[in-house]
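Here is a short briefing for a reader new to this structure.

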Amino acid sequence: MGQPAHDTTTAESQTPNDPAPTEAATPVPETTTSSPELTGAAAMFANDRASQHLGITVDDHGPGWAQCSMTVTEIMTNGHDITHGGYIFLFADTTFAMACNYPGSITVASGGDIDFLKPTYLGDELVARGHEVIKQGRSGIYDVTVTRGDDIIATYRGRSRTLPARK
């Protein structure tokens, strides 16, 4: 895709060239008596009980991009013994949310579409990588690719809207 390297100093950041988690995913020991307040994607995910309940993990993220992982569990399979599409959508949507929630912002989905390309099964390890396509004002468009190994199993396009600051 030819994305630029991760740069947290601008709002134009995209998915990093190296999809592997960076040192940001490593816990940093506390050196002060008070911990910093979470903002943006970190604050959103800290309270995202649905995604956490499904075992979705955030491998890494930054302004305009994110990578998440999920293992398909028995509760996620449908009557055909494949993963229910709603769980794949939720997984892609969580990755989208991580990409579009910049520090200090509260950004929500105004819409999203998904194309299911291949089925997944119990025990499959899925990875979703999302990146910003464009952000103009309070609106944005983000693409997420969900993979199982080298197979693309779904593509998702999310539309975001950043809410104005609370009064």
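The model is predicted. An open sheet of six strands runs through the points below, and the structure also holds five salt bridges.

**The sheet**
- The strand order is β1-β2-β4-β5-β6-β3, and the pairing is antiparallel.
- Two strands form the edges: β1 (57-62) and β3 (107-116). Each of these pairs on one side only.
- On average, neighbouring strands are turned by 20° against each other, direction ignored.
- Strands β1 and β2 (residues 65-71) run antiparallel and are joined by five bridges.

**The helix on the sheet**
- Helix α3 (residues 85-100) packs on the sheet.
- Helix α3 touches β1, β2, β3, β4 (125-136), β5 (139-148) and β6 (151-162).
- The direction of α3 makes about 150° with that of β2.

**Leucine 54**
- Leucine 54 is found in the loop between α2 (49-53) and β1.
- Is leucine 54 buried or exposed? Leucine 54 is buried, because its relative accessible area is 11%, and the cut-off for buried is under 20%.
- Leaving aside neighbours within four places in sequence, leucine 54 is in contact with Met70, Met76, Tyr87 and Leu90.
- Leucine 54 and threonine 71 are 17 residues apart along the chain, and their C-alpha atoms are separated by 8.5 Å.

- Side chains of opposite charge can pair when their charged atoms come close.
- The side chains of aspartate 151 and lysine 118 meet in a salt bridge (3.4 Å, N to O). Aspartate 151 lies in strand β6 and lysine 118 in the loop between β3 and β4, so the pair ties together parts that are 33 residues apart in sequence.
- Aspartate 151 counts as partly exposed at 29% relative accessibility. Lysine 118 also counts as partly exposed, at 39%.
- Aspartate 151 forms a salt bridge with arginine 148 too, with the closest N and O atoms 3.6 Å apart.
- Which residues do shared partners join into one network? They are Lys118, Asp124, Arg148 and Asp151.
- Aspartate 143 and arginine 157 meet through their side chains in a salt bridge (2.6 Å, N to O). Aspartate 143 is in strand β5 and arginine 157 in strand β6, so this pair ties together parts that are 14 residues apart in sequence.
- Arginine 157 counts as partly exposed, at 37% relative accessibility.

**A nonpolar patch**
- Ile106, Val108 and Leu163 form a nonpolar patch on the surface. Together they have about 230 Å² of accessible area.
- Leucine 163 is found in the segment after β6, and counts as partly exposed at 40% relative accessibility.

Conventions:
Residues are numbered from 1 along each chain as its sequence is written. This is a predicted model: local features need pLDDT of at least 70, side-chain atom pairs count only at pLDDT 80 or more; totals for chains, interfaces and linings use all residues. Side-chain values use heavy atoms; hydrogens and water are left out. Two strands pair if DSSP finds at least two bridges between them. Helices (H or I, at least four residues) and strands (E, at least two) are DSSP runs, numbered from the N terminus. Axes are lines fitted to C-alpha atoms, for helices over the stretch in contact, and angles run from 0 to 180 degrees between N-to-C directions. Contact means heavy atoms within 4.5 Å. Patches are made of residues with over 30% relative accessible area and no salt bridge: like charges are joined within 9 Å, nonpolar side chains (Val, Leu, Ile, Met, Phe, Trp, Tyr) within 5 Å. Accessible areas come from the Shrake-Rupley method with a 1.4 Å probe; for residues, only the protein chains shown count as cover. A salt bridge is a side-chain nitrogen of Lys or Arg within 4 Å of a carboxyl oxygen of Asp or Glu. Buried means under 20% relative accessible area, exposed over 50%, partly exposed in between (1.4 Å probe, protein chains only).
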